[in-house]
Amino acid sequence: MPSPERVLAAINTMEGAGYENRGNRYERDVYAFMMRSTKPIRRIYLLPQGNETHQKRIIFRDYLIAHPLIAAEYSVLKQKLSGKYAYDGDGYTRAKADF
């Protein structure tokens with residue numbers, strides 16, 4: 001999102017669309033949302049551009065694009081963990097953190 005203010009303004013929109021507001025997570029201005037009624041469960045994070053978490057995710061994405069074998073390993077791990085932690089987003093995130 002372009003700014004922290006826009007992130008805050010989008011919270012009502014996300015809730016109105018059926019997403020559960022999981023609050024401010026991980027670092028300042030990172031808001032998590034979950035929709036449990038879909039399969040797979042949807043998890044969405046809203047954060048302002050330039051946020052440290054945003055930058056780290058871009059770097060990780062680019063690394064996976066440049067290393068397809070590692071990306072495939074990560075995909076297998078995520079599939080495995082998605083079943084085990086279907087309703088526990090925090091557990092899912094912790095379980096894949098070492099990767």
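The charged end of Arg43 sits over the ring of Tyr92, 5.2 Å from the ring centre, where such a contact requires NZ of Lys or CZ of Arg within 6 Å of the ring centre and within 35 degrees of the ring normal. Arg57 likewise lies over the face of Tyr45, at 4.6 Å from the ring centre. The model is predicted, with local features requiring pLDDT of at least 70 and side-chain atom pairs counted only at pLDDT 80 or more, while totals for chains, interfaces and linings use all residues. Residues are numbered from 1 along each chain as its sequence is written, and side-chain values use heavy atoms, with hydrogens and water left out.

**Aromatic contacts**

- There are 2 aromatic pairs, a pair being rings of Phe, Tyr and Trp (its six-membered ring) with centres within 6.5 Å; planes under 30 degrees apart are stacked, over 60 edge-to-face, and the rest tilted.
- The ring centres of Phe60 and Tyr74 are 5.1 Å apart and the planes stand at 90 degrees, so this pair is edge-to-face.
- Because Phe60 lies in helix α2 (residues 52-66) and Tyr74 in helix α3 (residues 68-84), the pair ties together parts that are 14 residues apart in sequence; helices (H or I, at least four residues) and strands (E, at least two) are DSSP runs numbered from the N terminus.
- Phe60 is partly exposed at 31% relative accessibility, whereas Tyr74 is buried at 10% (buried is under 20% relative accessible area, exposed over 50%, partly exposed in between; 1.4 Å probe, protein chains only).
- Phe60, Tyr74 and Phe99 form one aromatic cluster.

**Largest pocket**

- The largest pocket has a volume of about 1,000 Å³.
- A pocket is an open set of points on a 1 Å grid over the protein atoms alone, where a 1.4 Å probe fits, with protein on both sides within 12 Å along at least five of seven lines; lining residues have an atom within 4 Å of a point.
- Grid points are joined across faces, edges and corners, and the volume is the space filled by probe spheres set on the points.
- Of the 28 lining residues, Tyr74, Lys78, Tyr92, Thr93 and Lys96 are the closest to the pocket centre.
- The largest share of the lining, 6 residues, comes from α2.

**Salt bridges**

- The structure holds 3 salt bridges, each a side-chain nitrogen of Lys or Arg within 4 Å of a carboxyl oxygen of Asp or Glu.
- Glu52 and Lys56 meet at 3.1 Å, N to O, and are 4 residues apart in helix α2, about one helical turn.
- Asp62 and Arg61 meet at 2.7 Å.
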